[in-house]
Amino acid sequence: MAMGSSDVEGDKYRSYLRGEGEKNTTWRFGAPPSYDVVNKLFEEGRTKIWPPGSLGEEVQNLVKTWEMEVFHKANLDDFKTLDPNNYTFSLNGRKGLTLEEIGKLGGGYNPLLQTSLPENLRGYNPEKETSESSHKAFTTTFPRGFALEILQVYSGPPEIVYKFRHWGYMEGPFKGHAPTGELVEVYGMSIFTVDEHNKIVKIEFFYDPGQLLGGLLKGEKLGTSSEGTTSSCPVLRTG
């Protein structure tokens, strides 16, 4: 059961990046993204290596490819991993959002950082961020990328249930907070529902956004002393 093929010309973990099938793709930031830097972080920091051809490897590549498409492809017709007419996304049990509704939220990280907190308590306010500002905020704070690995797959298609880990090093500022250099990681669960063509029609994410934002807002406010902001974590500091 193949949920996507390896795109050797573009990226060994992500399909639909380059090649003949993408020659007319409209890219949100003007060109196909390069994942060389984050792939290095992933390969150095992953805790699970899936056997070639395993369900775990297929799910991991599907999730990475889906993430690439929703962050970087501007036109719905260019999406290959999902069915744009039937797709919905929900976070922590909220009502599912269509692609049109996601677009109104600004796309990017905004759907993943929806919050019920009062506005004055939001370290990151998705209602005031665009796709571009969201992208800039996270690429600035994670210059080596924000890597993803699948830790466990509990069921295969049509309802793919898996546990994930996302991680990066806060080596740039975030929303007025100085970089700490520390590891920031997030764990969670997700359910991808695919149709008979292996196109994603429904995604449900379950995780604590505070795990992410807590690590990004702990640095000193910029303008105050930033002594002691080098990483105390010796892992993966080879750059």
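Select Phe138 and Phe174 to start: both residues are buried. This is a predicted model, and the tour moves from this pair to other rings, then to a cavity and the whole chain.

**First stop: Phe138 and Phe174.** The ring centres of Phe138 and Phe174 lie 5.3 Å apart with the planes at 55°, so the pair is tilted. Now colour the chain by secondary structure. Phe138 belongs to helix 4 (residues 131–141), while Phe174 is in the loop between strand 3 (159–169) and strand 4 (183–194). The two residues are 36 residues apart, and their pair links distant parts of the chain.

**Second stop: Phe89 and Phe205.** A search of the whole structure gives 16 aromatic pairs. Select Phe89 and Phe205 next: their ring centres are 5.8 Å apart and their planes stand at 40°, so this pair is tilted. Phe89 is in strand 1 (residues 88–91) and Phe205 in strand 5 (residues 200–207), so the pair ties together parts 116 residues apart in sequence. Both Phe89 and Phe205 are buried.

How many cavities of 30 Å³ or more does a search of the whole structure find? There is one. The largest cavity holds about 180 Å³ of space. To find it, select Glu67, Leu112, Phe164, His166 and Phe205, which are the closest to its centre among the 15 residues of its lining.

Then show helix 2 (55–72), strand 3 and strand 5, each of which supplies at least two residues of the lining. Helix 2 gives the most, with four residues.

Select Arg165 and Trp167. The charged end of Arg165 sits over the Trp167 ring, 3.9 Å from the ring centre. Move to Lys64 and Tyr13, where Lys64 lies over the face of Tyr13 at 5.6 Å from the ring centre.

**Last stop: the whole chain.** The chain has five helices and five strands, and along the sequence they follow the pattern α-α-β-α-α-β-β-β-β-α. Of its 239 residues, 49% count as buried. Among contacts with a separation of 6 or more, 62% are between residues 24 or more positions apart. Switch to a surface view to finish: the accessible surface comes to about 11,700 Å², and 52% of that belongs to carbon and sulfur atoms.

Definitions and conventions
Residues are numbered from 1 along each chain as its sequence is written. This is a predicted model: local features need pLDDT of at least 70, side-chain atom pairs count only at pLDDT 80 or more; totals for chains, interfaces and linings use all residues. Side-chain values use heavy atoms; hydrogens and water are left out. Rings of Phe, Tyr and Trp (its six-membered ring) pair if their centres lie within 6.5 Å; planes under 30 degrees apart count as stacked, over 60 as edge-to-face and the rest as tilted. Buried means under 20% relative accessible area, exposed over 50%, partly exposed in between (1.4 Å probe, protein chains only). A charge sits over a ring if NZ of Lys or CZ of Arg is within 6 Å of the ring centre and within 35 degrees of the ring normal. Contact means heavy atoms within 4.5 Å. Accessible areas come from the Shrake-Rupley method with a 1.4 Å probe; for residues, only the protein chains shown count as cover. On a 1 Å grid over the protein atoms alone, a cavity is a set of points where a 1.4 Å probe fits but cannot get out, and a pocket is an open set with protein on both sides within 12 Å along at least five of seven lines; lining residues have an atom within 4 Å of a point. Grid points are joined across faces, edges and corners, and a volume is the space filled by probe spheres set on the points.
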